[in-house]
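I set out to record what I looked up in this structure.

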Amino acid sequence: MNSTMLLYNLQERYADAFAKNFTIVLLAVIIISINGVFVFIFFRSSIFYNDPRYILYIHLVINDMLMVCFSVILFVMTFAWQTVPLPFCVILLIIAATAHKNTPLTLAGMAVERYIAICKPLHHHQICTVDRTYILLSLIWGVGVIPGLADLILLSIIRPLSVLTTGTFCSSAILYNTVYHGELTKFMNGLYTSVVWVILVFTYCRVLIAARRATTDKSSAKKAQNTILLHGAQLLLCMLSYITAVIDKMFVPLAPVDRARLTFLNYLLTNILPRLLTPLIYGVRDKHFYRHMKALFSRRLFFVKVESIKQ
């Protein structure tokens, strides 16, 4: 009887693990596929890759694809590969952390671009060039990688260098589990979020003032104002990942039996699903992207109909 119960519990654990991994991989494939459509459309037309606004947008999309991909890899590895060489684990964690920090920084860059377009229209083409946009993206990656490198440096100071040759459970919560890492994470998250919110509030207020003063191009100012509001909404969605642990502490004690399922659901809602909204918030709303996407799918549908008629 004991062996039967043990076998049943083991099968249930494997079934639960399979369901979680299947769900998260399926969501990742859907998100990456949808974002991939916008990346494909972007590189098909010079309208997009010669415009700083669209370059920043597609960087946001590609960055979200990277974050989802590496986040899911780390999640699956917790089930499939529980003793990961520490150098390889650190590389994965740094890439995932950098992509996570890049999202709010890119949103701030997009807000500044809209501010310049509305408040300084005569200088927009001089300030917001393609070359300067790529320089900005390089700076975003340089600033975004700082927290991940800081965690690694702190780890090498606190622990002996011999730890780099060992295997570990690849999770930032396990690897960076010291008090110093906790304080560093709080400081970095607070600093990055505060700076981005200051930029968003400043640009929104300036665009709002410009919209009220405008006499001819009120529609463009109003649209830029709405765009910056959407940046704020997207930033709020990104900030959900900062309070994942807080939500776990609030709701898990209410149902300790379902702790694993609640934690997984919280992870999906705060880290994965918000990445699905980026193309829907900006891409579908943009008339150029919408027109190219409509033409792309109409052409594919036409080819499918022609092939079916031939058969």
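**Entry 1: a buried pair.** I looked up Arg114 and found that it counts as buried, at 15% relative accessibility; buried means under 20% relative accessible area, exposed over 50%, and partly exposed in between, with a 1.4 Å probe and protein chains only. Glu113 is also buried, with a relative accessible area of 4%. The side chains of Glu113 and Arg114 meet in a salt bridge, at 2.8 Å from N to O (a side-chain nitrogen of Lys or Arg within 4 Å of a carboxyl oxygen of Asp or Glu).

**Entry 2: the model.** I note that this is a predicted model, in which local features need pLDDT of at least 70 and side-chain atom pairs count only at pLDDT 80 or more, while totals for chains, interfaces and linings use all residues. Residues are numbered from 1 along each chain as its sequence is written, and side-chain values use heavy atoms, with hydrogens and water left out.

**Entry 3: salt bridges.** How many salt bridges does a search of the whole structure find? I recorded two. Asp64 forms one with Arg275, the closest N and O atoms being 3.2 Å apart. Asp64 lies in helix 3 and Arg275 in the loop between helix 12 (259-272) and helix 13 (277-283), so the pair ties together parts that are 211 residues apart in sequence; helices are DSSP runs (H or I, at least four residues), numbered from the N terminus. Both Asp64 and Arg275 are buried.

Notes
Helices (H or I, at least four residues) and strands (E, at least two) are DSSP runs, numbered from the N terminus.
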